[in-house]
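This report describes one protein chain for a reader who is new to structures. Please look at the sequence and the model before reading on.

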Amino acid sequence: MSLIWFVTHADVVQDPFVPVPQWPLSDVGRARHAAGNAVLAASGITSAFCSDEQKARDGAAIHAEALGLSPRVVAGLGENDRSATGYLPPAEFEAAADAFFAEPNLSYQGWERACDAQARIVAAVQVCDDMAPRGNMLIVSHGGVGALLRAHVGKQPISRKLEAGVPGGGGMMCLTRGSLTLAQDWHPIDPS
């Protein structure tokens with residue numbers, strides 16, 4: 001049985017003057033991804049994929065370098081499109097994210113609907129699975145993406161309760177390749 005190691009990016013540098021998709025990992029986020037390499041290096045990963053957002057590309061680069069791989073960017077793995085509102089201060093963003101997950105068939109202030117984002121994400125993961133050679137694979141993406149994917153693989157309604165629940169991000173779950181079933185639920189990427 002081959003696995004998909006799905007990782008959500010860890011802590012980022014938030015800057016209201018930089019578009020959110022261009023935010024990089026912070027030093028803490030980089031260190032947390034590097035700490036996760038101990039687990040991933042022993043996992044037989046033969047291919048790596050990530051979203052086109054900077055924070056996911058940063059995390060994928062850290063893991064891919066340790067694994068001797070080059071990550072492939074798949075735009076469909078990106079976070080839900082929130083460009084209609086742009087940057088929101090943390091408290092406003094949390095309320096908006098709650099609304100996004102609570103009403104998956106409705107658009108929150110012009111955001112991509114959760115049901116549409118979920119369909120796009122599942123299709124993107126299947127594209128990665130089809131492109132990857134045999135063996136285990138790595139996908140580095142985002143917390144909201146992970147929650148939507150987790151709902152799909154668990155055959156559960158879309159819910160924010162399905163996020164990794166790791167402060168600062170940096171969660172990891174394993175799925176079986178092909179069937180996209182849950183092999184291991186969320187745990188932190190950094191073992192400490």
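K155 sits in the loop between helix 5 and strand 5; here helices (H or I, at least four residues) and strands (E, at least two) are DSSP runs, numbered from the N terminus. The model is a predicted one, in which local features need pLDDT of at least 70 and side-chain atom pairs count only at pLDDT 80 or more, while totals for chains, interfaces and linings use all residues. Residues are numbered from 1 along each chain as its sequence is written, and side-chain values use heavy atoms, with hydrogens and water left out.

Most residues other than glycine have a negative phi. K155 is not a glycine, yet its phi is positive, at about 50 degrees. This residue comes just after helix 5. K155 counts as exposed, with 75% relative accessibility. The terms are set by relative accessible area: buried means under 20%, exposed over 50%, and partly exposed in between (1.4 Å probe, protein chains only).

Q109 is also not a glycine and has a positive phi, of about 45 degrees. Its place is the loop between helix 3 and helix 4. Q109 has a relative accessible area of 52% and is exposed.

## The chain as a whole

The protein has 5 helices and 6 strands. Read from the N terminus, the order of elements is β-α-β-α-β-α-α-β-α-β-β. The radius of gyration is 15 Å, close to the 16 Å that the globule rule gives for 192 residues, so the protein is as compact as a globular protein of that length. This radius is taken over C-alpha atoms, and the globule rule is 2.2 Å times the number of residues to the power 0.38. Along the principal axes, the C-alpha atoms fill a box of roughly 40 × 35 × 30 Å.

Of the 192 residues, 48% are buried. Among contacts with a separation of 6 or more, 69% are between residues 24 or more positions apart; a contact means heavy atoms within 4.5 Å.

Two strands pair if DSSP finds at least two bridges between them.

S47 stands opposite M137 of strand 4. Strand 1 (residues 3–8) also pairs with strand 4 in the parallel sense, over 5 bridges. Here W5 has L138 as its bridge partner. Strand 2 and strand 3 are parallel too, joined by 2 bridges, and F49 is the bridge partner of R72 in strand 3.

## Strand 4

Is strand 4 mostly covered or mostly open? Strand 4 (residues 136–141) is mostly covered, with 6 of its 6 residues buried. In a regular strand the side chains alternate between the two faces of the sheet. On one side of strand 4 are N136, L138 and V140, and on the other are M137, I139 and S141; all of these are buried, which leaves both faces covered.

Helix 5 (residues 143–153) has 9 of its 11 residues buried, so it is largely enclosed by the rest of the structure. The buried residues include G144, L148 and V153. The buried part of helix 5 packs against strand 1, helix 3 (90–102), helix 4 (114–131), strand 4, strand 5 (171–176) and strand 6 (182–188).

L162, like K155, lies in the loop between helix 5 and strand 5. L162 is buried, with a relative accessible area of 12%. Leaving aside residues up to four places away in sequence, L162 touches A147, R150, A151, Q156, P157 and W186. L162 and R150 are 12 residues apart in sequence, and their C-alpha atoms are 6.4 Å apart in space.
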